Every structure is written in structure tokens, then in C-alpha cells.
Amino acid sequence: MFTKDDTLALKGVAIELMLFHHLAAFPDRWPVGFEGFRSLWPGFVEEGYLADFAMNGLLCVPLFFFLGGYGLFCRRAAGRADLAGDVLGLYRRFWRVFFLFIPIGFLFFARSGEGINPLCTRFDLTDGKSLLRTLLLNFTGYDTNINGEWWFLGSYLCALPLGYLFCRATDRARGFLPDMFAVFCLDILTQGVFPGLAGAPGLAGLGSNLYFRRFCTVNKYMPAFFAGIVFARYDGVGRLKRALCRLAHPGAAALAGMAALFLCRAYVLSDVANGDILIAPLFVACCSVFFDRARHAKTLAAFLGRHSANMWLTHSFFCFYFLEFTKVVYWSRSVWLDLAVLTVLSLGAGFLVDGLYRFLGRLRPERPLPAMETR
């Protein structure tokens, strides 16, 4: 069985993979003067294993897409399908951080000059017209030139209506395999056929068409969203878990499976995104079986997963864009200590965001009862 708690725990794993990916995979984003990571394990850094593992932390994206599609189908099956509500809820979560962190960035972290990473100069805008345009583009999620890690917002906003359409289109499907075949066909169309059409001489205009770009040439990890819908419809994760649990040592097998899938993605598929349609659900099933036998680890992961949205939206300010905080994050040369610092900062920022809006909500005057109820 795959429950809401399992979903939260997997989101906790995904958000830590994201933080690890951004922390260690991009040396050009590190603060000026940071000499790089080192490890007690000889060769772990020098031979490139850390860089490979950190880059493979991008597994977090198909995991989030898969879990999103899984949740979408479950809401629809429970009669709580609401596309407008889903879109508005995502925007509300985004705007809560936007209205706090963007003004803070321009007021306190506008930097320029030499000797600092160019990422820390993003808030140094003095031209009024450029500032207005930048704010409007980022406020809608159409562009993410203030915080590049917010690109996921636009992709997920496109995934939601496509996911609802996919649910409707497969309502009368005959089984798991036909539905998964439809997912593979969508992957071929969106990653191969449609981009090829846009590159054809007579159809070059397609590349500049908003709807074609957003809904036909989608992010390469988005097909995992449709796979999540299929696995939810047929209890695919539950079936995989039951198969693992029939093994002699399911917890150890699940842990070995997670490691094998991670290594396979890093060194065999080498970030071939098409493989994530299958890797994501297999990783989810293995991780869920492991957590069923490691309750304390599951509780911690679920706690992080509960705050994963805020952590996603805030962590890159500390990791890349707020100069003084980047020096705090990269205070040591141990990737694990620095990851712990980034986790605490992101989690704390999420608590502050939620606490502030709860406080502001208590300050609002109570709405008066309708006249017919006050009589």
C-alpha cells in the first residue's frame, strides 16, 4: 500500500536530492574563494564520484513529477479534482515566498563589482523599466531570471492541465500496459517528434508559438508525471512493494535496489531522461519498502517532505544568490556538513514564511455574517 505518508517521505528524499544537486554539482556557482569539497574517502572527490552523484541528484525532478501525477489521479478518484484550485494553490505557495524574498533581495542583497560570483549580482537592477519587466515576468512564472531554480513552476503548471487531459483520455483504457504505452508515445512525441517539427524549415514558426512551446515540447522529465497517473490508477507502486516484500530480506533488498537504480541512472543511462519513466516508480517503491522498516527515517523524511515546497522555493537564495548566506552554506569543505547547513536554512526559512502568513492571517478582521444570519 502506498499512502500519503509514503508520498511525504518520498518528497523528503527528493528535496534532499535537490539540495545536494545544487550544492555540489556546479563548481562555477560556488562562492569566489571556495576551494572545493574534500572527503575522508580517498578518491571520492578527486576521481569525480561526488560530482557524478551530485549531478545525478537531478533524479529529484522526475520524482516530483511522478508523485505529482500520482496525487492528481488520487484526488480525481476521490472526487476532489479541481484544476483551477490546483493551479491557484501552486501560485499561492509561490507568491508567499516571492513577496518576501524578492523585496529582501533587492533591499539587502543587491551586490555588484568584482570578487563575487555573478549569481550574487542578480538583484543589482537600477533601471526602472528593466526592474518592472523582470518582476512581472518572474511573478507570473513565465521567466525565472531572478531565481533560475524556479523553472519547475512553469513546467508543473503545464503538467497539471495535460495531466487532467491524460486522465480523461485514458478513462476507458484496457489495462496497465496500454496506458504505459500511451505514456511512451507521449514521451516520443514531446521529446522527439514535436521538437523536430519546430526545426523543419517550413514550420519554424512553431518554435515561437507559446502554446506549442509550453504544451507540445514539454520539459524532458514531465512524462514521469503521466507515469505517476498510470501507476496510481492500477496501484502499480503497491504491487511493486508487495513483490519486494515477498523476498527474504525486503528491507535490505529495497536499499540495494535504491543504490542500483541510482548508480544505473548515473553511469548507464547517463541522465537519459526517457529512462526516468521507469526509474522513478521503481525508486519510489524501493524507498517506500525501506521506510516501512525504518520508521524513524521515514518520520524524518516525511517531516522534510511536508515542507519541501518552501525548501524548494527558498534554498537557492542561500546557496547561490544572497552573498553573505552563500559563505555560510559553504563554510566547510565537507559536502555533508554544508548540506546540513543548507537544509537547516531552507527549513527555517519555510517555517518563517508560514509563521508570518499565519500571523498576518490572525490580524485580518473577521468577516461579518450575512444579513439574513444576523437577524
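Tutor: Helix α1 covers residues 4-24, and at 1.5 Å a residue its 21 residues should span 30 Å, which agrees with the 30 Å between its end C-alpha atoms. The model you are looking at is a predicted one. Of the 21 residues in α1, 18 are buried, so the helix is largely enclosed by the rest of the structure.

The largest share of the lining, seven residues, is supplied by α3.

Beyond α1 comes the loop between α1 and α2 (49-56), which is where P42 has its place. P42 is exposed, with a relative accessible area of 69%, and although P42 and G85 are 43 residues apart in sequence, their C-alpha atoms are 51 Å apart in space.

The side chains of R29 and E149 meet in one of them, with 3.1 Å from N to O. Because R29 lies in the loop between α1 and α2, and E149 in the loop between α5 (128-140) and α6, the pair ties together parts that are 120 residues apart in sequence. Within this pair, R29 counts as partly exposed at 23% relative accessibility, whereas E149 counts as buried at 7%.

A further salt bridge joins the side chains of R333 and E35, at 3.3 Å from N to O. R333 lies in the loop between α15 (323-329) and α16 (335-363), while E35 lies in the loop between α1 and α2, so this pair ties together parts that are 298 residues apart in sequence. R333 counts as partly exposed, at 26% relative accessibility, and E35 is exposed, with a relative accessible area of 63%. The structure as a whole holds 15 salt bridges.

Note on methods. Residues numbered from 1 in each chain as written. Predicted model: local features only at pLDDT ≥ 70, side-chain atom pairs only at ≥ 80, totals over all residues. Heavy atoms only, no water. Helix = DSSP H or I, 4+ residues; strand = E, 2+ residues; numbered from the N terminus. Expected span 1.5 Å × (residues − 1). Buried < 20%, exposed > 50% of the residue type's maximum accessible area, 1.4 Å probe, protein only. Salt bridge = Lys/Arg side-chain N within 4 Å of Asp/Glu carboxyl O.
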